[in-house]
Amino acid sequence: QVQLVESGGGSAQAGGSLTLSCTASQYDYRSGCMGWFRQAPGKEREGVAAIFTGGDSTFYADSVKTRFTISQDNNAKNKVFLQMNSLKPEDTAMYYCAADPTFLACLGGAWSSPPYYNAWGQGTQVSVSS
């Protein structure tokens with residue numbers, strides 16, 4: 001059973017930066033996919049970014065792709081980061097790390113679909129003020 005532990009998040013002003021991290025245990029990075037999702041009050045959970053941890057493929061939502069970067073720790077490949085720059089108030093949400101131990105979630109458009117992931121972190125709040 002894959003387990004995920006998130007850290008980071010917090011509050012920032014518009015234009016600022018925050019970094020989230022997620023460490024997966026019982027997870028084979030060579031064949032898996034990890035993603036970040038967010039959910040604002042009253043809204044559906046949406047995919048933000050994902051990475052195939054066995055290679056170089058990354059995926060982004062249009063709303064964040066020029067501002068956020070998902071990356072993998074070079075020394076601990078079961079750990080991923082979400083660097084968030086130029087934050088906007090609309091980025092305010094609970095952010096969740098997710099993992100798919102297979103590569104399927106990182107195929108095409110599947111990365112942003114929550115059902116493809118079978119492990120989820122507890123969530124970390126990101127609040128951006130104007």
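User: Quick one to start: is Thr124 buried or exposed?
Analyst: Thr124 is buried, with a relative accessible area of 11%. Keep in mind that this is a predicted model.

User: OK. Where does Thr124 sit?
Analyst: Thr124 is part of strand 11.

User: And what does Thr124 touch?
Analyst: Leaving out residues up to four places away in sequence, Thr124 touches Glu6, Gly8, Gly9, Leu20, Ala93, Met94 and Tyr95. With Gly8 there's a polar pairing too: a polar atom of the Thr124 side chain lies 2.9 Å from the backbone oxygen of Gly8.

User: Switching to the core. Which residues touch the most other members of the largest nonpolar core?
Analyst: Those are Leu4, Met34, Trp36, Leu82, Met84 and Tyr95, out of 38 residues in that core. Several strands supply at least two residues each, including strand 3 (18–25), strand 4 (33–39) and strand 11 (124–129).

User: Which strand gives the most to this core?
Analyst: Strand 9, with 5 residues.

User: Back to Leu82, what is Leu82 in contact with?
Analyst: Setting aside neighbours within four places in sequence, the contacts of Leu82 include Leu18, Leu20, Trp36, Val48, Phe68, Ile70 and Tyr95.

User: Last topic, charges. How many salt bridges are in the whole structure?
Analyst: The search finds 5. One of them joins the side chains of Asp28 and Arg30, at 2.9 Å from N to O. Asp28 is partly exposed at 32% relative accessibility, and Arg30 is exposed at 55%.

User: What does Arg38 pair with?
Analyst: Arg38 forms a salt bridge with Glu46, where the closest N and O atoms are 2.6 Å apart. Arg38 also forms a salt bridge with Asp91, at 2.9 Å between the closest N and O atoms.

User: Are Arg38 and Asp91 buried or exposed?
Analyst: Both Arg38 and Asp91 are buried. Arg38 has a relative accessible area of 6%, which counts as buried because the cut-off is under 20%. Glu46 is partly exposed, at 35%.

User: Which residues make up the network?
Analyst: Arg38, Glu46, Arg67 and Asp91, joined by salt bridges that share partners.

Notes: Residues numbered from 1 in each chain as written. Predicted model: local features only at pLDDT ≥ 70, side-chain atom pairs only at ≥ 80, totals over all residues. Heavy atoms only, no water. Core = buried A, V, L, I, M, F, W, Y, C linked by side-chain atoms within 4.5 Å. Buried < 20%, exposed > 50% of the residue type's maximum accessible area, 1.4 Å probe, protein only. Helix = DSSP H or I, 4+ residues; strand = E, 2+ residues; numbered from the N terminus. Contact = heavy atoms within 4.5 Å. Polar contact = N/O pair within 3.5 Å; in protein donor to acceptor, adjacent residues only side chain to side chain. Salt bridge = Lys/Arg side-chain N within 4 Å of Asp/Glu carboxyl O.
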